[in-house]
Amino acid sequence: MHKIAVLGSGSWGTVLANLLVENGHDVTVWGRAEKEVAEINDQHTNTHYLPNIQLRSALKATTSLKIALTNSDAVLFVVPTKAIRSVAKQVSAQLAKLQTKPLIISATKGLEQVTDLRISEVLAEEIPVALRQPIVILSGPSHAEEVIKDDITTLAVASTDELASKQVQDIFMNDHFRVYTNTDVIGVEVGAALKNVIAIGAGAVHGLDYGDNAKAALMTRGLAEITRMGVALGADPLTFSGLSGLGDLIVTCTSVHSRNWRAGDALGQGKKLKDILENMGMAVEGVYTAKTAHDLSIKENIDMPISEAIYRVLYEDKDIQAEVNNMMKRKGKSENELMRPRF
Ligand SMILES: NC(=O)C1=CN([C@@H]2O[C@H](COP(=O)(O)OP(=O)(O)OC[C@H]3O[C@@H](n4cnc5c(N)ncnc54)[C@H](O)[C@@H]3O)[C@@H](O)[C@H]2O)C=CC1
Ligand SMILES: O=C(CO)COP(=O)(O)O
């Protein structure tokens with residue numbers, strides 16, 4: 001039994017916390033909204049993120065980071081990418097005062113804007129080694145809406161420290177939540193982040209009323225560009241055939257639960273990004289990752305035509321149908337050119 005602090009009281013944080021309680025751990029969710037925290041403690045619900053779902057009564061919530069972290073032996077980050085650095089700074093300040101040196105786990109999927117850093121890199125920058133145990137990434141095809149119903153789910157845990165990933169595997173595994181270890185942290189994190197951009201494209205293809213051939217094309221060629229970028233950043237190409245690559249790409253590009261897919265679907269139907277994000281009321285990571293992917297594709301000189309088209313629709317107000325048309329008019333390419341440069 002571990003004492004675990006879960007940072008982020010949204011959809012995924014609440015569901016993972018609930019699963020950890022099911023596994024017998026002593027879990028405290030840290031949230032910034034008083035109302036949400038009170039609802040979890042008093043009603044055992046979190047209706048904004050998980051309507052009609054009853055949470056386990058042993059799940060505790062708090063707005064005090066100090067309470068959440070006290071005596072914790074693991075800290076699970078599940079806030080959106082844009083909040084990772086600021087929350088990590090707060091965690092670091094608290095850990096410096098507390099007699100605890102926890103494992104650091106992240107379930108956040110994204111790349112930091114401007115720095116282009118992966119989540120584990122941001123966490124390593126902000127939380128010194130003296131204050132923590134290794135960093136482990138939890139990722140894979142896993143919609144909160146299905147995990148909360150005990151539907152079968154498989155994930156990967158990645159760390160450069162194999163003992164730490166084994167520990168995290170043991171913490172999360174149960175008869176409906178199966179976890180595989182992986183040593184390729186770069187591949188797992190890059191796959192998790194970039195698939196959200198491709199999922200916006202998959203939603204858009206649906207919104208534009210294209211058929212299944214187009215959806216398969218988008219996913220397959222999307223995986224090719226994710227792999228190209230991942231390999232350029234130091235990943236093992238085989239990781240992209242795994243749970244945090246192909247697995248998460250499939251679930252995010254085909255499920256109505258996906259916020260990224262739904263945002264793309266609405267864009268394809270002609271809705272405005274601002275309205276889409278306001279109506280969603282939840283993190284749509286791919287919108288921000290599209291900007292980072294664009295920056296990285298220039299920096300690393302990697303061809304990412306689908307992500308680039310999505311970037312232009314999101315950030316340059318380009319017409320989505322025209323982008324699809326232009327993509328199909330590009331000169332013929334070979335499928336074997338894995339490492340094709342951008343220009
Ligand atoms: N929802 C899902 O099924 C899954 C989500 N993820 C990833 O988990 C991460 C979190 O996503 P969700 O929980 O779905 O998002 P969400 O939008 O449902 O919840 C985000 C939570 O973070 C909190 N938050 C935002 N900024 C904060 C800050 N500065 N300080 C403290 N709290 C802050 C919000 O108040 C909210 O409680 C994302 O990176 C997402 O890609 C990964 C796998 C599955
Ligand atoms: O990462 C996810 C499923 O694995 C969640 O995807 P969305 O953020 O698009 O809902």
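Which helices each supply at least two residues of the shell around ligand 2? The points below take up this question in a predicted model.

1. Helical contributors. The elements that each supply at least two residues of the shell around ligand 2 are α8 (185-207), α10 (243-254) and α11 (259-268). Of the contributing elements, α10 gives the most, with 3 residues.

2. Residues around the ligand. Ligand 2 is surrounded by 13 residues, and the closest are S142, D248, S258, R259 and N260.

3. Domain division. The protein chain is divided into domain 1 (3-183) and domain 2 (193-328). The centres of domain 1 and domain 2, taken over C-alpha atoms, are separated by 25 Å. To the contact, domain 1 brings 22 residues and domain 2 brings 22 residues.

4. The domain 1 side of the contact. On the side of domain 1 that touches domain 2, two or more residues come from each of α4 (81-97), α6 (144-147), β7 (153-158) and β8 (177-182). The largest share of that side, 3 residues, is provided by β7. The residues of the side of domain 1 that touches domain 2 divide into 10 polar, 7 nonpolar and 5 charged.

5. The ligand in relation to the domains. Both domain 1 (3-183) and domain 2 (193-328) take part in the shell around ligand 2, each with at least three residues.

How values were computed: Residues are numbered from 1 along each chain as its sequence is written. Chains are lettered from A and ligands numbered from 1 in the order in which they are written. This is a predicted model: local features need pLDDT of at least 70, side-chain atom pairs count only at pLDDT 80 or more; totals for chains, interfaces and linings use all residues. A residue is near a molecule or strand if its C-beta atom, placed from the backbone, lies within 6 Å of it. Helices (H or I, at least four residues) and strands (E, at least two) are DSSP runs, numbered from the N terminus. Domain bounds come from an automatic or database domain assignment. Two residues are in contact if their C-beta atoms, placed from the backbone, lie within 7 Å. Ala, Val, Leu, Ile, Met, Phe, Trp, Tyr, Cys and Pro count as nonpolar, Asp, Glu, Lys and Arg as charged, and the others, Gly among them, as polar.
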